[in-house]
Amino acid sequence: MKQKKLWIFFCCLMALTACVHKSLITPSQSRVGYSAWNTQVSYTHCDPLPKTGKPELVSGKWEMNDGILQHRASEEAPLAICNYVIPSNHYTIQCTARKDSGPDGFIIVFNYVDAQHYCQLNFGCSGNTQHTIEQISGDRKKRLVTRPGSVETGKWYDVKLTVAGNTIKAWLDSELMFDKVLK
């Protein structure tokens with residue numbers, strides 16, 4: 001009888017653990033990076049990540065000029081990902097980003113596992129009319145939270161992102177844009 005109760009308890013615990021892990025958005029190890037949407041953009045290195053040379057250029061036409069990573073083509077969802085693997089689901093990064101030309105703004109990629117699984121801060125999306133946090137899973141892109149906003153062409157912006165498990169906080173030039181628990 002005692003073994004049966006232990007077995008039932010163990011099964012319930014495993015089921016609960018599986019449910020909790022399945023609901024997590026932030027992986028225990030991930031990377032960060034940059035993207036765009038039919039827009040030309042420039043980025044500086046994400047601090048405090050170690051400078052590990054040129055990022056992995058997953059897709060798109062990127063170039064490095066005087067320490068600035070630039071995307072100069074009109075392509076949908078080019079990806080440049082920092083080589084450093086963040087060994088935690090709690091981290092803070094900061095970089096600067098600039099829209100150089102085009103219809104939208106700039107994108108900071110986070111929780112990157114691979115080219116089919118990541119999240120992104122999209123500043124100046126939808127024709128430069130709103131900011132959003134999006135989750136990419138396979139061929140699907142889901143908007144998790146959106147707010148009105150735009151970015152100016154040619155202006156450098158300070159971007160700060162804090163990930164604490166599934167809680168995401170994002171700032172644009174010291175203004176808190178998002179404070180959201182992702183589900």
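These entries record what I looked up in the structure, on its sheets and its salt bridges.

**Entry: basis of the model**

I worked from a predicted model, in which local features need pLDDT of at least 70, side-chain atom pairs count only at pLDDT 80 or more, and totals for chains, interfaces and linings use all residues. Residues are numbered from 1 along each chain as its sequence is written, and side-chain values use heavy atoms, with hydrogens and water left out.

**Entry: first sheet**

I looked up the strand order and found an open sheet of seven strands, 4-5-2-7-12-13-14, with antiparallel pairing. Strands here are DSSP runs of E of at least two residues, numbered from the N terminus, and I count two strands as paired if DSSP finds at least two bridges between them. Strand 4 (62-65) and strand 14 are the edge strands, each pairing on one side only. Direction ignored, neighbouring strands of this sheet are turned by 25 degrees against each other on average; the axes are lines fitted to C-alpha atoms, and angles run from 0 to 180 degrees between N-to-C directions.

Within this sheet I checked strand 2 (residues 40-43), which pairs with strand 5 in the antiparallel sense over three bridges. Tyr 43 stands opposite Leu 69 in strand 5.

I then traced an open sheet of seven strands with the order 3-6-1-8-9-10-11, with antiparallel pairing. Strand 3 (56-59) and strand 11 are at its edges with a single partner strand each, so one side of each has no neighbour in the sheet.

Strand 8 (residues 106-114) pairs with strand 9 in the antiparallel sense over six bridges, and a hairpin joins strand 8 to strand 9 through two residues. Ile 108 stands opposite Leu 121 in strand 9. Strand 9 and strand 10 run antiparallel and are joined by seven bridges; Gln 120 has Glu 134 in strand 10 as its bridge partner. Strand 10 (residues 130-137) is in turn joined to strand 11 by eight bridges, again antiparallel, and Ile 133 has Val 145 in strand 11 as its bridge partner.

I also checked the cover of strand 9 (residues 117-124): seven of its eight residues are buried. Buried means under 20% relative accessible area, exposed over 50%, and partly exposed in between, with a 1.4 Å probe and protein chains only.

**Entry: salt bridges**

I searched the whole structure and found seven salt bridges, each a side-chain nitrogen of Lys or Arg within 4 Å of a carboxyl oxygen of Asp or Glu.

Asp 100 forms a salt bridge with Arg 72, with the closest N and O atoms 3.1 Å apart. This pair links distant parts of the chain, since Asp 100 is in strand 7 (residues 90-101) and Arg 72 in the loop between strand 5 (68-71) and strand 6 (76-81), 28 residues apart. Asp 100 counts as buried at 18% relative accessibility, whereas Arg 72 is partly exposed at 40%.

Asp 100 also meets Arg 98 in a salt bridge (2.4 Å, N to O), and Arg 98 is buried, as is Asp 100.

Asp 173 forms a salt bridge with Lys 155, the closest N and O atoms being 3.4 Å apart. Asp 173 lies in the loop between strand 13 (167-172) and strand 14 (175-181), and Lys 155 in the loop between strand 11 (140-148) and strand 12 (156-164), so the pair ties together parts 18 residues apart in sequence. Asp 173 is partly exposed at 29% relative accessibility, and Lys 155 is partly exposed at 31%.

Key:
Helices (H or I, at least four residues) and strands (E, at least two) are DSSP runs, numbered from the N terminus.
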